[in-house]
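Welcome! Have a look at the protein shown here, and then let us walk through a few of its details together.

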Amino acid sequence: MQTQSKKHPHKDYINNDYTSFVHKVKKKTGIDLSMYKEAQMKRRLRSFFEKKEFSSFEDFFYNGINKDEDVLAEFLERMTINVSEFLRNPKRWEILTDVILPRLLKDRSKLKVWSAACSTGEEPYTLSIILDQYSGRKSSSILATDIDEAILLRAKTGFYTEKALKELSKDMLLHYFIKETSGYRVKDTLRNGIRFKKHNLLADMFETGFDLIVCRNVLIYFTEEAKHNIYKEFNKALNVGGVLFVGSTEQIFNPARYGFEAEDTFFYKKINKVE
Ligand SMILES: C[S@@+](CC[C@H](N)C(=O)[O-])C[C@H]1O[C@@H](n2cnc3c(N)ncnc32)[C@H](O)[C@@H]1O
C-alpha cells in the first residue's frame, strides 16, 4: 500500500514543520497553539511569516521568534485578530443594560466583572461606562485581561481614533473622554477603576467570585476541546446567578452541560456548579 508521505511528501513536510513549530512555541512562551483551530492558525501565521520573508515555520521560529523580540511581539499580535470597538454589537449591550444588569444589581450593589481577552481595551471601558451610567460604577470592580502584553499597554493608554468610538453617543464622548488632536483619550476616572492583567485563557488559573464575565470574539479561534475546558472554568469562576456574555458567533451548544442556561441570546446564566 502506498503511504501518505509517498503520495504527498510536500504536504507531510508542511504538517511536520507546523507540529514541531507548535512544540517549540509552547516551550518558549507557554502558548499552546494546538488549542487553536489549526487550519485557520496555519493560514494566518504563514501569511505573516511569508511577508517577513521567512521560508518555513522552522525558519520563522529559529530566525524570528527565538531571536528577535519584535518578531515575537508581532507574532503574538497576529495570532488572532485584535480588532475591537466600543459597544461592539450595540443591541447586545442594550440587553446587558436593560435585562442582565437590573437582575444582577437586584441582589447586590457591587459587581465583580471580568473582560477576558479584552484586546486594546474598548470592551472593559464600555463596561465601565455602562456601569457608571447605570449605578455609579465606583462600587463595582473590573478585571481586564489578555494574553498579549503589548496590547494591554495600549489598553491602559486608552487612546482611540474616532472609528473605534463610532457607537458612542456625543454625551458619552464628552463625559468620559478628552479630545486630542488625532483622537480621544479616556479620562483617568474611567481608567483607574480597571485592573489590567496578562492572562492566558488556555493555561492560567481563573480568579473566582465574578458576577459577570464578558468573553467575546476569542473563543471562535479555539478547538472544541479548548472551549469545553474554558466553559467549565468560567462556570467555576462565576457566582451562581452570574452571567457569561459571549460574542455574536459564539453561542454555546448545550449550555446545561456546563451548568448554564440561556438568559438571552449570547448571555448564559450560571444555574449550578459543574465538576
Ligand atoms: C478579536 S479580539 C477580542 C476583543 C474584544 N473581546 C471584542 O470582542 O471586541 C481577540 C483577543 O483575544 C486575545 N487572545 C488570543 N488568545 C488568547 C488566550 N489564549 N488567552 C487570552 N487572550 C487571548 C488576543 O490577544 C486578542 O486581543
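Predicted model: local features only at pLDDT ≥ 70, side-chain atom pairs only at ≥ 80, totals over all residues.

**More about Y160**
- You can find Y160 in strand β3, which covers residues 159-160.

**Where the ligand sits**
- Now turn to the ligand, which sits in the second largest pocket.
- How many residues surround the ligand? There are 21 of them, and the closest are Y36, S84, R88, D146 and N217.
- Sorted by kind, the shell around the ligand has nine nonpolar, seven polar and five charged residues.

**Polar contacts with the ligand**
- R88, one of the closest residues, places a polar side-chain atom 2.7 Å from an oxygen atom of the ligand.
- N217 is also among the closest residues, and an N or O atom in the side chain of N217 is 2.7 Å from a ligand oxygen atom.
- With L201 the backbone takes part: one of its N or O atoms there lies 2.9 Å from a nitrogen atom of the ligand.
- On its own, the ligand has 610 Å² of accessible area, and the protein covers 99% of that.

Technical notes
Residues numbered from 1 in each chain as written. Heavy atoms only, no water. Near = heavy atom within 4 Å. Polar contact = N/O pair within 3.5 Å; in protein donor to acceptor, adjacent residues only side chain to side chain. Areas by Shrake-Rupley, 256 points an atom, 1.4 Å probe, with all protein chains shown as cover. 1 Å grid on protein atoms, 1.4 Å probe; cavity = no way out; pocket = protein on both sides within 12 Å on 5 of 7 lines; lining within 4 Å. Sits in = over half its atoms within 2 Å of the grid points. Nonpolar A, V, L, I, M, F, W, Y, C, P; charged D, E, K, R; others polar. Helix = DSSP H or I, 4+ residues; strand = E, 2+ residues; numbered from the N terminus.
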